[in-house]
Amino acid sequence: MSKEVKECFDLQATAAAIAKELGLPTKNVLAAMELLEDGNTLPFIARYRKEATGGIDEIALRKIEDGLSKSRELAERKTTVLSTIDQLGLLTDELRRRIMACDNKAELEDIYAPYKPKRRTRATAARERGLEPLAKLILAQQRTGKSRSEVLRGFIDPQREVPDEAAALAGACDIIAEEWASDTAHRTWMAKDVRSGQLVSSVKRGQNDPASKFVAYFQHNERAERVPSHRLLAMLRGVTEGVLKVAIEVNRDAAVQTLKGQVLKNPSFEFAAELRSAAEDCVDRLLLPAAESAVLEQLKEAAEEEAIEVFAKNLRELLLAPPAGAKVTIGIDPGFRTGCKLAVVDETGKFVAHTTIYPTAPKLDTVGAGRVLLELIRKYDAKMIAIGNGTASRETDAFVTALIREESLDVTKVVVSESGASIYSASELAAAEYPELDLTVRGAISIAHRLQDPLAELVKLDPKSIGVGQYQHDVNQTRLRKCLDREVESCVNAVGVDVNMASASLLSRVAGIGPKLAQKIIEYRDAEGRFRTRQQILKVPKFGPKAFQQAAGFLRVSESSDPLDNSSVHPESYSIVKRMSEKLNLPVQQMIGNASLASRLNPADFIDKSTGLLTIKDIVDELAKGGRDPRSEFKVAKFAENVNEVSDLKPGMVLEGVITNVTKFGAFTDIGVHQDGLIHISELANTYIKDPSEVVSVGDVVRVKVLEVDAARKRISLSRKGVSG
């Protein structure tokens, strides 16, 4: 940060403003900011620096980090604005004070607007023709004692493209209109008017297709400031695709009267009529279009933020989906013509075998396919079968179900989402992991891994490809990536990572590590064998004390000589656990996972200068649960055997399904027919709810009733009302 920027940046003031916004003590927010400035990660601060922050959670810490970033950006912008105005020789002490006092970018830009280098406008051309003195004379609205012709005659100059009085007046009015449009107060009330106007969506000529996905917006209007995010983004997508037109309609005449009331001071002034015309021009050509554009952009930004939050919440639910666990699993990537690709992975996720079977049309070799699959199950003692939910999924599912039933196999079969699996299969990462294997086999391996441990597999993907968003391709991609990356990092660190089992993709998401250090860990592990203790991680090249401090608590060493190495207790707190074991007169190993022993500890007895009550309580809680996976218990949805296609659905059917995506307007649900159905927000509960996430999450197994089926448009309407489960 340069010296000039530092002069515009006040950490204390920023902390106070954010603390007020979040309803938190300023000292705790300031402490969090200082920790962030010192290079500490969000997961580390949230988990291991609770005394400093007063236990601020990770969600609030993200807002603090964002607020700190915005404050820096504002300081940088202030520096640019001050420098630009100073170079123009127009920077006064009062103007400097106003700029330094700004606490948001919009206010700063309003102050800067009159001084900002402008594109060439009608007013610019008028100034070049020497008409600014005339504009100032008219703006003064004071009688000159001269006739109109006498006033205007001195500005006529054919050489400067001012051939007559009318041209002189027109140019002066262009300057006047721009002056009024640059006034902060005028822009403020105009924007307020536009915000309370009607957002109107209409279909473009020639695009009136009744089957269009935008048909609901062919003739639609509602108050701009109240439009829900999903509807606004849908309309804007319609604009992008050339189907819709969107505008904000306001009372134009009322706006003109408001401006006239503010700028016209002398009705008897000889140029009053021209000023009234200039006011109309200012509203029609400058103020209103600029306000409409600005408000639409603000509404879009707010809608995008909400859509990003929805995506992040869904992603978190998906990443933290219950793992089936360390069991031999067969992954099946279904297909018709090319067959079903099978991949076997062992308890650790290691690939061991693959083949192809043809249980579906056109070959329909169920006997041969059954023999091959049965041989794999028995040879490798497979306990799980994961079937991708794409093409031929239901047919493959029916085949596997029949085989399990006929052979009385002790095998659990699960249909899993394969969103993004094809992208992973073709990626450089997949090629590096399985260089000798075909893309489709890599896909089958990924499907198996998703069942064993969704988090460990899904971190290999770009989160956008997982398909749990709402208009994710329409929102600010930089903001989306930052938000989703945070969510992935949060989930990985919440669960913890086995340093001896994890892939480079998973390790790179651990606080303080990143891709380069993750690769160093893998290289060291390959060369030296399993890590035996957490401390050994410090021997990895480039893995310094700071990285170890940030990462150690989230890394697990399952067979370490120190049992705490397989827990979330940070190495800096091992001495506290030792004091606890001495208090109970029991070895540490015996304390871990023993809730009754943990309950005998009084956290207050172990507070010292470096560790406070909040951290002590976390340590006791960790000892009680013994490093158990925080994710919920694994549960499987059972699709109806006789319902495989949309055409099989009938209104009134009650089916079991899995929530695949939660939006602001409802929840999409996989009921096993290759097309997700929608439970509209009004059909999610028997009572009124404001947000679908109040009652469902991605991955939930639910029972639903079919309300309506539109086979042509592939739309299925579902309901949970009156359905148990």
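In β14, Gly657 finds its bridge partner in Val702. The model is predicted.

- Ile659 is set opposite Thr669 of β12.
- The link from β11 to β12 is a hairpin through three residues.
- β14 in turn is joined to β15 (residues 715-719) by five bridges, and these strands are antiparallel.
- Opposite Glu708 stands Ser717 in β15.
- Four residues separate β14 from β15 in their hairpin. Lys714 in this turn has a positive phi of about 55°.

**The five-stranded open sheet**

- The strand order is β6-β5-β4-β7-β8, and the pairing is mixed.
- β6 (351-357) and β8 (412-416) are the edge strands, each pairing on one side only.
- On average, neighbouring strands of this sheet are turned by 20° against each other, direction ignored.
- Helix α17 (residues 366-380) packs on the sheet and touches β4, β5, β6 and β7 (384-388). The direction of α17 makes about 170° with that of β6.
- Within the sheet, β4 (residues 329-333) and β5 (residues 340-345) form an antiparallel pair over five bridges.
- Gly331 has Ala343 as its bridge partner in β5.

**Helix α21 across the sheet**

- α21 lies across β4, β5, β6, β7 and β8. It runs at about 130° to β4.
- The helix covers residues 439-452, 14 residues in all. From first C-alpha to last, α21 reaches 20 Å, close to the 20 Å expected at 1.5 Å a residue.
- Because 12 of its 14 residues are buried, α21 is largely enclosed by the rest of the structure.

**Helix α14**

- The 12 residues of α14 (residues 229-240) should span 16 Å at 1.5 Å a residue. The end C-alpha atoms of α14 are 16 Å apart, which agrees.
- Its buried residues are Ser229, His230, Leu232, Leu233, Ala234, Met235, Leu236 and Gly238.
- The cover over these buried residues includes β1 (198-203), β2 (219-223), β3 (244-249) and α16 (272-319).
- Just after α14, Gly242 has a positive phi of about 80°.

**The α2/α3 crossing**

- The axes of α2 (residues 11-22) and α3 (residues 26-37) come within 8 Å and cross at roughly 125°.
- That angle makes α2 oblique to α3.
- The crossing of α2 and α3 is right-handed.
- From α2, the contact is made by Leu11, Gln12, Thr14, Ala15, Ala16, Ile18 and Ala19. From α3, Thr26, Val29, Leu30, Met33 and Glu34 take part.

**Backbone details in loops**

- Ala361 and Pro362 are joined by a cis peptide bond, with omega about 10°. Pro362 sits in the loop between β6 and α17.
- Asp381 is not a glycine, yet its phi is positive, near 55°. Asp381 lies in the loop between α17 and β7.
- Asp381 is partly exposed, with a relative accessible area of 47%.
- Gln141 also is not a glycine and has a positive phi of about 55°. Gln141 belongs to the loop between α10 (132-140) and α11 (148-153).
- Gln141 is buried, with a relative accessible area of 7%.

**Ser505**

- Ser505 is part of helix α24 (residues 504-507).
- At a relative accessible area of 13%, Ser505 counts as buried, because the cut-off is under 20%.
- Beyond its neighbours within four places in sequence, Ser505 is in contact with Leu429, Val459 and Lys460.

Technical notes:
Residues are numbered from 1 along each chain as its sequence is written. This is a predicted model: local features need pLDDT of at least 70, side-chain atom pairs count only at pLDDT 80 or more; totals for chains, interfaces and linings use all residues. Side-chain values use heavy atoms; hydrogens and water are left out. Helices (H or I, at least four residues) and strands (E, at least two) are DSSP runs, numbered from the N terminus. The expected span of a helix is 1.5 Å times one less than its number of residues. Buried means under 20% relative accessible area, exposed over 50%, partly exposed in between (1.4 Å probe, protein chains only). Two strands pair if DSSP finds at least two bridges between them. Axes are lines fitted to C-alpha atoms, for helices over the stretch in contact, and angles run from 0 to 180 degrees between N-to-C directions. Contact means heavy atoms within 4.5 Å. Angles under 35 degrees count as roughly parallel, over 145 as roughly antiparallel, 65 to 115 as roughly perpendicular and the rest as oblique. A crossing is left-handed if the near helix is turned anticlockwise from the far one by less than a right angle, and right-handed if clockwise.
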